[in-house]
Amino acid sequence: MTPPPPTELCEVDSFEKDALAHLDAMYSVACRLTRNPVQAEDLVHDALVKAMRAREQFQPGTNMKAWLLRIVTTTFLNQYKRGGLERDVLEGPNADPLADGWMSSSTMRAMRDAESLALQPLLQEELQAALEALPEEFRLAVVLSDVEEMSYKEIADIMGCPMGTVMSRLHRGRKLLKSALYEQAVALGIVDEAAEAEPTNLDEYRAKRRLAAR
Amino acid sequence: MKAASPLPSPSCRFLSPAMDTYLDGELSPPQLVEVETHLAQCACCRERIALDRALRASMKRIPPLRAPDSFRDRMRAVMAAERFLQEQKQAPWTQALPVRCHNDSTNVLPFRRPGKVAAATQTVLVSSEPLFGRVVSWTERRSRRTLPVRYAAPFVMAAGVAFLVSVHLPSPPPAKTSTSPSAPTSFQAHVGLDGIVEDLISLHAQPLPPEVTQPDEVRRFDPFVGVPVEPPKLQRFGAKWEGGRILPLRNSRAAVLQYSMAGGHRISVYVYDPRRVRPESSTLKQRVVRDTPIYVGNIRGYNVAATERQGIGYAVATDLDEPENIELIAASAP
């Protein structure tokens, strides 16, 4: 006996079609998180299977990209959780490596100008390297904000944390990025380290002033 | 010696986190006024904003990462397979085909002619029937041959759907005596070797391009297949490595390793998880070669051999002779 043939056969349903439309974003974020294309593919694979199993929980009309990226993120954090790492970064001695005002205006201008000159491709690579070197939660926040161009609210949804945490992660992540690029700018001779003298922070400055006042 | 660059005032330090938020465009209006007032007075912070803006522009220039096409195809298959599994779990298997249709998705579908697809499905339904002693008629075989290669993936999926439906239909004709009657649930958990072989032959007859071309890369298939995948060394048979890909099966996946030989012969080696497959077969004959049971047979003109070694299932499909096939399967299952 022959079973009745289906009238039509479709391979992809609308949920899957919508999810596939965000595959590049998922893959891109997964690559930045894992820093390895093979692991990124595994991560997206796992996330998509989870998404398929939880598809009833997705409310049509809400932000699917954020929903999928949240699954990617939680899957990553659950799989690769590195316990105390972030705590060390947030609270360790290097918690505030780039004191505000550490760079002089001229340094900042030099770094910025280099952007528009011949060194641009080089800095581009350095920027990628600096991004990859960020601790993962900072990296995720910066990637979601500056590469994927998502709002604070969306990032908070994806990372499962309050907006205030998003803001502080972004702030610290970008500061670390700038610090890495500064070192690069010095190494490339874009910025003259001697002219910058020693890294100065406000406390040192005040201490010096006190000394000078005596 | 340092050209006097004004050190940040306490208000700079205080407003520093707000500068980020300012650039992100997420400040509330009162905050915005406060920050802009400060910026108007403070050259240092203006410089900082300019640098941060340049940095952000650079980040946006980082070339976007695109998922490779082969990966996209694989994910499409993974999701379809997952949906299929779920529908199998939820819906009693007596229901109609678990196929959901969305006409608006035509631009994603690799096929655009429903008539042709229906024909393909029909053909698979019939050609998977050897289990029930059916013979594939000439017209059906011909329509099958004319299907372009790009239909092969949906085709294999369709084969999966059709196979389960044909197995689950309540009243198949009394099949060969060798198919022992077992509870329908066991059909869901385990597919017969015949069903797997059908899929393998379909892919061998109408091969898809390989997803990987480096022999080392097939190790990436391990988690998808569930067993270690190692490309067999068939060079001594004059076989040339072509590449490998994942083949979605009904309830699992197999790795397909493709080789070519002089004279236009092709060899497809399949590595699968044998725990998902019932070994008994109605179309393949069991033979014992070097103390190992090997199933051999000729299906639709292709010689097939299948065996299991150390918990890994191997199958070979070729247009070579049976003894050569047995040599190949013996070499593939070390």
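This is a predicted model: local features need pLDDT of at least 70, side-chain atom pairs count only at pLDDT 80 or more; totals for chains, interfaces and linings use all residues.
**Chain A**

Chain A contains 12 helices and zero strands. Its pattern along the sequence is accordingly written α-α-α-α-α-α-α-α-α-α-α-α. The chain has 214 residues, of which 39% count as buried. Of the contacts in chain A between residues at least 6 apart in sequence, 72% join residues at least 24 apart.

**The sheet of chain B**

In chain B, an open sheet is formed by seven strands in the order E2-E3-E4-E9-E8-E7-E6, with antiparallel pairing. Its edges are strand E2 (239-248) and strand E6 (285-289), each of which pairs on one side only. On average, neighbouring strands of this sheet are turned by 25° against each other, direction ignored.

Within the sheet, strand E3 (residues 253-261) and strand E4 (residues 265-272) of chain B run antiparallel and are joined by seven bridges. One residue pair can be named here: B:Tyr259 has B:Ile267, in E4(B), as its bridge partner.

**Helices on the sheet**

| Helix (chain B) | Strands of chain B | Angle |
|---|---|---|
| H9 (residues 193-205) | lies across E2, E3, E4, E7, E8 and E9 | about 130° to E8(B) |
| H11 (residues 322-332) | touches E4, E6, E7, E8 and E9 | about 150° with E9(B) |

Key
Residues are numbered from 1 along each chain as its sequence is written. Chains are lettered from A and ligands numbered from 1 in the order in which they are written. Helices (H or I, at least four residues) and strands (E, at least two) are DSSP runs, numbered from the N terminus. A residue is buried if 20 or more other C-beta atoms lie within 10 Å of its own, exposed if 12 or fewer, and partly exposed in between; C-beta atoms are placed from the backbone. Two residues are in contact if their C-beta atoms, placed from the backbone, lie within 7 Å. Two strands pair if DSSP finds at least two bridges between them. Axes are lines fitted to C-alpha atoms, for helices over the stretch in contact, and angles run from 0 to 180 degrees between N-to-C directions.
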